[in-house]
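Thanks for asking for a second pair of eyes on this one. Here are some notes to read alongside the coordinates.

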Amino acid sequence: TDTEKGFAFFKEGKYKKAIESFNVAIADNAKNYNAHFYRGFCYFNQKQYPKAITDFEKAISFKKDYIEAYSNIASAYLQMKEYKKALPYANTAIELGSSLTPEEQLRRELPVTYEMRGEVNYQLKNYKQTIQDYQHLVNIKIKKWYIYNNLVMTIIKYSQNIDKTECLQLLKESQTLAPKKYFSYINDTYG
């Protein structure tokens with residue numbers, strides 16, 4: 001099918017060819033939510049965020065619980081630094097995914113949405129929610145050094161309740177996960 005051809009081009013990074021295939025698939029079936037979604041993803045990868053958002057929204061119009069489409073809209077708005085527009089889409093993706101098993105949440109990349117919402121909330125100065133999102137990622141054992149680091153930095157800067165032992169453990173974990181990146185960050189920040 002044209003959707004499958006488009007997806008194959010998408011996986012190869014041939015976004016223009018993928019878009020052409022998805023256009024044919026959508027012409028054949030305007031309600032093909034996957035063709036809309038992946039065409040949107042092609043636009044996203046080409047940094048054509050408004051076009052991507054339009055396609056992701058179209059996919060949602062045909063599949064109301066399309067978690068990945070909500071998440072990608074939030075990501076597009078984040079890339080455009082339109083944080084207030086990003087937040088409700090990230091919230092919806094997380095809400096839709098809250099009843100999934102932890103394994104299904106990983107497969108559907110919900111941790112990425114938590115990470116993104118943490119960044120959006122940070123930019124909007126919603127530090128308490130930022131801390132909660134990063135803490136959630138730590139609790140579910142997402143092993144990215146900068147999440148641990150960002151959590152500690154946000155706690156130190158903006159929280160009234162600082163548990164020094166916990167902060168030191170988080171920094172140690174950050175350092176363990178990526179020592180070169182951690183020390184480079186420390187040098188660049190405090191150098």
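1. Buried here means under 20% relative accessible area, exposed means over 50%, and partly exposed is what lies in between. By that cut-off Arg108, with a relative accessible area of 15%, is buried. Please keep in mind throughout that this is a predicted model.

2. **The partner of Arg108.** The side chain of Arg108 forms a salt bridge with that of Glu104, at 3.8 Å from N to O. Glu104 is at 23% relative accessibility, so this residue counts as partly exposed, whereas Arg108 is buried. The two also belong to a network of salt bridges that links Glu68, Glu104, Arg107 and Arg108. In general, side chains of opposite charge can pair when their charged atoms come close.

3. **Other salt bridges.** How many salt bridges does the structure hold? The count is ten. Among them is the one between Glu12 and Lys14, with an N to O distance of 3.2 Å. Lys14 has 40% relative accessibility and therefore counts as partly exposed. Another one joins the side chains of Glu82 and Lys85 at 3.1 Å, N to O. Here Glu82 is partly exposed at 28% relative accessibility, and Lys85 is partly exposed at 44%.

4. **A buried aspartate.** Is Asp133 buried or exposed? Asp133 has a relative accessible area of 1%, so this residue is buried. Its place is in helix α9, which covers residues 127-139. Leaving out residues up to four places away in sequence, Asp133 touches Tyr114, Arg117, Gly118 and Asn121.

5. **Aromatic pairs.** The model contains 20 aromatic pairs. Tyr70 is buried, with a relative accessible area of 13%, while Tyr89 is partly exposed, at 21%.

6. **An aromatic cluster and a lysine.** Phe44 and Tyr49 turn up again in one aromatic cluster, whose members also include Phe7, Phe22, Phe56 and Tyr66. The ring of Tyr66 has a charged neighbour: Lys63 lies over the face of Tyr66, at 4.9 Å from the ring centre.

7. **The nonpolar core.** Which residues touch the most other members of the largest nonpolar core? Of the 53 residues in this core, they are Phe56, Val120 and Leu151. Helix α5 supplies the largest share of the core, eight residues. Phe56 is also part of the aromatic cluster in the previous point. Apart from its neighbours within four places in sequence, Val120 is in contact with Leu78, Tyr83, Ala86 and Leu87.

8. **Two backbone angles to look at.** Lys81 is not a glycine, yet has a positive phi of about 60°. Lys81 sits in the loop between α5 and α6, and with a relative accessible area of 60% this lysine is exposed. Glu109 is likewise a residue other than glycine with a positive phi of about 60°. Its place is in the loop between α7 (102-107) and α8 (110-123).

9. **Cysteines.** How many disulfides are there, if a disulfide is a pair of cysteine sulfur atoms within 2.5 Å? By this rule the count is zero. Cys42 is at 0% relative accessibility and so counts as buried. Cys167, at 6% relative accessibility, counts as buried as well.

Definitions and conventions: Residues are numbered from 1 along each chain as its sequence is written. This is a predicted model: local features need pLDDT of at least 70, side-chain atom pairs count only at pLDDT 80 or more; totals for chains, interfaces and linings use all residues. Side-chain values use heavy atoms; hydrogens and water are left out. Helices (H or I, at least four residues) and strands (E, at least two) are DSSP runs, numbered from the N terminus. Buried means under 20% relative accessible area, exposed over 50%, partly exposed in between (1.4 Å probe, protein chains only). Contact means heavy atoms within 4.5 Å. A salt bridge is a side-chain nitrogen of Lys or Arg within 4 Å of a carboxyl oxygen of Asp or Glu. Rings of Phe, Tyr and Trp (its six-membered ring) pair if their centres lie within 6.5 Å; planes under 30 degrees apart count as stacked, over 60 as edge-to-face and the rest as tilted. A charge sits over a ring if NZ of Lys or CZ of Arg is within 6 Å of the ring centre and within 35 degrees of the ring normal. A nonpolar core is a set of buried Ala, Val, Leu, Ile, Met, Phe, Trp, Tyr and Cys residues joined through side-chain atoms within 4.5 Å. A disulfide is a pair of cysteine sulfur atoms within 2.5 Å.
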